[in-house]
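Biologist: I would like to learn how to read a fold. Please take me through one.

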Amino acid sequence: MNLNGKVAIVTGSTKGIGRAIAEALVSEGMNVCISARNADEVEQAVGELGEAGEGSVTGAVCDVRDYDEVKALVEHTVDEFGGVDVLINNAGIGIFGRVEETSPEDFRAVLETNLFGVFYCCREAIPQMKKRGGGYIINISSLAGTNAHPQMTAYNASKFGLNGFSEAMMQEVRHDGIKVSYIMPGSVNTHFGNEEPDESKDWQLQPTDIARVVLDLLHTDERSLPSRVEIRPSRPPKK
Ligand SMILES: NC(=O)c1ccc[n+]([C@@H]2O[C@H](COP(=O)([O-])OP(=O)(O)OC[C@H]3O[C@@H](n4cnc5c(N)ncnc54)[C@H](OP(=O)(O)O)[C@@H]3O)[C@@H](O)[C@H]2O)c1
C-alpha cells in the first residue's frame, strides 16, 4: 500500500505501542486520528505527533468499550480526512490475578476493552473501507493469545478471543480488498499493567519494534497477506 495521504485510526495511541505506531504512520505521510480516554493526553499527543512527519494528525477522546464513542471516533476521522484506509486496534489493558480474586467488573473491563472494543471499531470501519475499495486492519494481540499463564485468565481469554476474531474476520473481508493481520508481541517496555516504562529492562521490546512490524505489514505487496506475526525479545533473562 502506498501510505502517503492515506488515512489511519490508531486506538489507545497516547502512549506505549499505539503512540509509536501513530508516530511511524505520520512519518510515512499518513493522516492519523489518534484516540484514548484521557482528553488532556489526547490533546497533548496530537500536538506532539503533528511534528512527526508530513501527515496530519487529529484526535478524539474515545473509550473503545463504548460503542457510541467508537461511532463518533470513526465519524470524526471521516469528517476530518474523508475516509478510513487503515485501522490499528491497539487499545488494551491487562488486569491480573487468581480467578476467585478477580472482580466481575475487572473481568468485564478486560474483555470489553481487548475484544468488544475491537469488534466495535471493525464494525464501524469496514463499511468505510469498502467505500474506498479496500483497506487494512491490524489488531495488536499478544503472545498471551496462544500461551496460557496462571493469573492471566481474563487477559488470556481476551487475546485468545481476539486471535479467533481476527482470523474469522480476515476470511470474511479479504475479498473486499481488506487485509487483516494480528501481531502477537511478547514483553514490551510500556505503561502496560499500570507499570512505568523501565529503562533498566533493556532486554524488552520497545514500542518502536512493534511500529516497525506495522509498517512492514502495510508495505507488503498487494497479493500477499502475513496474517499473524509473533515478535518476542531475542534475549530475555534466562529462567
Ligand atoms: N506491553 C506489553 O508487554 C504488551 C505485550 C503484548 C501485547 N500488548 C498489547 O499492546 C497494546 C498496547 O499496550 P501498551 O503496552 O502500549 O499499553 P500502555 O502503555 O498502557 O498504553 C495503552 C494505551 O491504550 C489506551 N487505552 C486503555 N484503555 C482504553 C480504552 N478502554 N479505550 C481507549 N483507549 C484505551 C491508554 O490511554 P487511556 O488510559 O487514556 O485510555 C493508552 O494510550 C494492548 O492491546 C496490549 O494488550 C502489550
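Predicted model: local features only at pLDDT ≥ 70, side-chain atom pairs only at ≥ 80, totals over all residues.

Modeller: Residues are numbered from 1 along each chain as its sequence is written.

Biologist: In what order do the strands of the open sheet stand?

Modeller: Helices (H or I, at least four residues) and strands (E, at least two) are DSSP runs, numbered from the N terminus. Two strands pair if DSSP finds at least two bridges between them. Here 7 strands form an open sheet in the order β3-β2-β1-β4-β5-β6-β7, with parallel pairing. The edges are β3 (57-61) and β7 (228-231); each has a single partner strand, so one side of each is left without a neighbour in the sheet.

Biologist: Over how many bridges do β1 and β2 pair?

Modeller: β1 (residues 7-10) and β2 (residues 31-36) pair over 4 bridges, in the parallel sense. In this pairing, V10 stands opposite I34 of β2.

Biologist: Which strands does helix α4 touch?

Modeller: Contact means that the C-beta atoms of two residues, placed from the backbone, lie within 7 Å. Helix α4 (residues 104-131) packs on the sheet and touches β1, β4 (86-89), β5 (135-140) and β6 (178-185).

Biologist: Which residues touch the most other members of the largest nonpolar core?

Modeller: A nonpolar core is a set of buried Ala, Val, Leu, Ile, Met, Phe, Trp, Tyr and Cys residues joined through C-beta atoms within 7 Å. Buried means that 20 or more other C-beta atoms lie within 10 Å of a residue's own, with C-beta atoms placed from the backbone. The largest core has 59 residues, and those touching the most other members are I9, I21, V32, I34, A125, I210 and V214. Helix α4 gives the most to this core, with 8 residues. Leaving aside neighbours within four places in sequence, the contacts of I9 include C33, L73, L87 and A125.

Biologist: At what angle do α1 and α6 pack?

Modeller: Axes are lines fitted to C-alpha atoms, for helices over the stretch in contact, and angles run from 0 to 180 degrees between N-to-C directions. Angles under 35 degrees count as roughly parallel, over 145 as roughly antiparallel, 65 to 115 as roughly perpendicular and the rest as oblique. Helices α1 (residues 16-27) and α6 (residues 207-219) pack at about 50°, with axes 8 Å apart. They are therefore oblique to each other.

Biologist: And how do α3 and α4 cross?

Modeller: The axes of α3 (residues 67-81) and α4 come within 9 Å and cross at roughly 30°. These two helices are therefore roughly parallel to each other.

Terms used:
Buried ≥ 20, exposed ≤ 12 C-beta atoms within 10 Å, placed from the backbone.
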